Amino acid sequence: MGCDRNCGLIAGAVIGAVLAVFGGILMPVGDMLIENTIKKQAVLEEGTVAYQNWVKTGSEVYRQFWIFDVQNPEEVVVNSSAIKVKQRGPYTYRVRYLAKENITHDSESHTVSFVQPNGAIFEPSLSVGTENDTLTVLNLAVVYNNTADGVYTVFSGKDNINQVAVIDTYKGKRNLSYWPSYCDMINGTDASSFPPFVEKTRVLRFFSSDICRSIYAVFGAEINLKGIPVYRFVLPPVAFASPLQNPDNHCFCTEKVISKNCTSYGVLDIGKCKDGKPVYISLPHFLHASPDVGEPIEGLSPNEEEHSTYLDVEPITGFTLRFAKRLQINLLVKPAKKIDVLKNLKRNYIVPILWLNESGTIGDENAEKFRKQVTGKINLLGLVEMILLSVGVVMFVAFMISYCACRSKKVK
């Protein structure tokens with residue numbers, strides 16, 4: 001009887017030890033299986049989850065415009081007064097609803113080439129008025145209609161998953177021909193996705209043809225998006241800083257007068273990529289811009305929540321599941337003796353024309369599918385690992401204590 005009991009306790013301890021060891025082994029093995037699966041499904045080739053979502057976004061993307069209405073044009077023209085503006089909007093368009101076109105795979109270089117057709121559908125229910133309210137809104141909103149952005153050539157990730165979706169060339173070039181030195185380089189992806197296994201310390205680099213440059217985002221916070229844990233990456237103020245604050249930005253300062261010898265910050269002269277037009281870009285309401293930029297403009301109220309740009313990236317797959325790209329378009333207005341309305345001006349103005357918010361969020365149906373296919377399986381595997389390890393340790397300890405207790409009684 002005693003022998004049977006002891007044997008049973010030893011057997012229980014052994015089973016517990018086996019479960020604990022199995023749970024411990026399952027952790028690295030399970031992580032390896034997940035990693036291999038993600039690596040296969042993140043490649044941009046037909047049949048993968050990444051490719052399906054890459055060809056045509058599963059999210060509804062909207063571009064909203066707010067127009068700055070100048071309230072005192074006569075005062076400005078005659079007295080060079082501060083410009084008083086009032087924003088009107090939003091005027092909302094659905095964009096990025098067309099699938100990528102002219103998709104070409106190159107098996108030797110492991111790249112995929114494509115063009116992104118542009119289109120815009122006005123959404124009256126999400127707007128303050130109709131398209132006829134202001135032709136400027138219409139012209140700026142659908143300026144890309146019936147055109148295409150590209151050709152882009154990106155790496156498929158087939159031979160190196162750390163390069164998946166990274167842009168190799170844009171319009172056949174690796175540089176833009178707008179900026180001197182390294183500022184002219186095309187870096188990163190198009191921000192719709194990034195190489196998988198994103199860590200908080202990673203700097204996410206991406207190229208945007210809208211702003212004629214590459215830029216980057218850094219980790220800001222952990223967010224729960226429809227039951228999916230994501231990392232929020234934000235554009236840091238240092239990305240818009242002057243060369244005095246951030247020497248890496250020296251090659252984005254291409255003139256000395258308007259920039260006050262490169263000491264102003266928060267605005268970027270993109271005239272070179274806009275056929276020489278005096279176009280400047282900034283964050284909405286001159287968020288993170290130097291005081292001298294917004295000083296001659298009244299009616300602006302910059303704030304982080306409404307006017308910052310962010311990307312919510314699922315860290316395991318690298319997919320961007322929610323984003324908001326906020327951007328302001330400004331025009332340089334300066335004295336001009338040959339133009340009647342400008343000949344009496346006494347100073348330069350960087351005048352805000354409009355700001356836009358292009359945003360998209362994974363839909364409820366796709367979010368549920370993502371939870372089942374990715375996060376749900378990973379969470380289940382983690383739960384199984386912890387249960388096996390915990391139950392195994394508890395069984396081993398309990399049976400060994402019982403065995404030792406029985407042995408001590410027998411000795412007595």
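Visitor: Why is the disulfide of C183 and C251 called right-handed?

Guide: The torsion about the S-S bond of C183 and C251 is about 70°, so this disulfide is right-handed. This is a predicted model, in which local features need pLDDT of at least 70 and side-chain atom pairs count only at pLDDT 80 or more, while totals for chains, interfaces and linings use all residues. Residues are numbered from 1 along each chain as its sequence is written, and side-chain values use heavy atoms, with hydrogens and water left out.

Visitor: What makes C183 and C251 a disulfide?

Guide: A disulfide is a pair of cysteine sulfur atoms within 2.5 Å, and the sulfur atoms of C183 and C251 are 2.0 Å apart, so the pair meets the definition. The two cysteines lie in distant parts of the chain, 68 residues apart, with C183 in the loop between β7 (167–170) and β8 (204–208) and C251 in the loop between β10 (228–234) and β11 (267–269). The strands named here are DSSP runs of E with at least two residues, whereas helices are runs of H or I with at least four, and both are numbered from the N terminus.

Visitor: Which parts of the chain does the link of C212 and C273 tie together?

Guide: A disulfide joins C212 to C273, with 1.8 Å from S to S. C212 lies in the loop between β8 and β9 (213–225), and C273 lies in the loop between β11 and β12 (279–282), so the pair ties together parts that are 61 residues apart in sequence.

Visitor: Why is C273 called buried?

Guide: Buried means under 20% relative accessible area, exposed means over 50%, and partly exposed is in between, using a 1.4 Å probe and protein chains only. C273 has 16% relative accessibility, so C273 counts as buried. C212, with a relative accessible area of 4%, is buried by that rule too.

Visitor: What makes the disulfide of C253 and C262 left-handed?

Guide: The torsion about the S-S bond of C253 and C262 is about -90°, so this disulfide is left-handed. Its sulfur atoms are 2.0 Å apart, and both C253 and C262 are buried.

Visitor: How many disulfides are there by this rule, and what pattern do they follow?

Guide: The count comes to three disulfides. With bonded cysteines counted along the chain, the pattern is 1-3, 2-6, 4-5.
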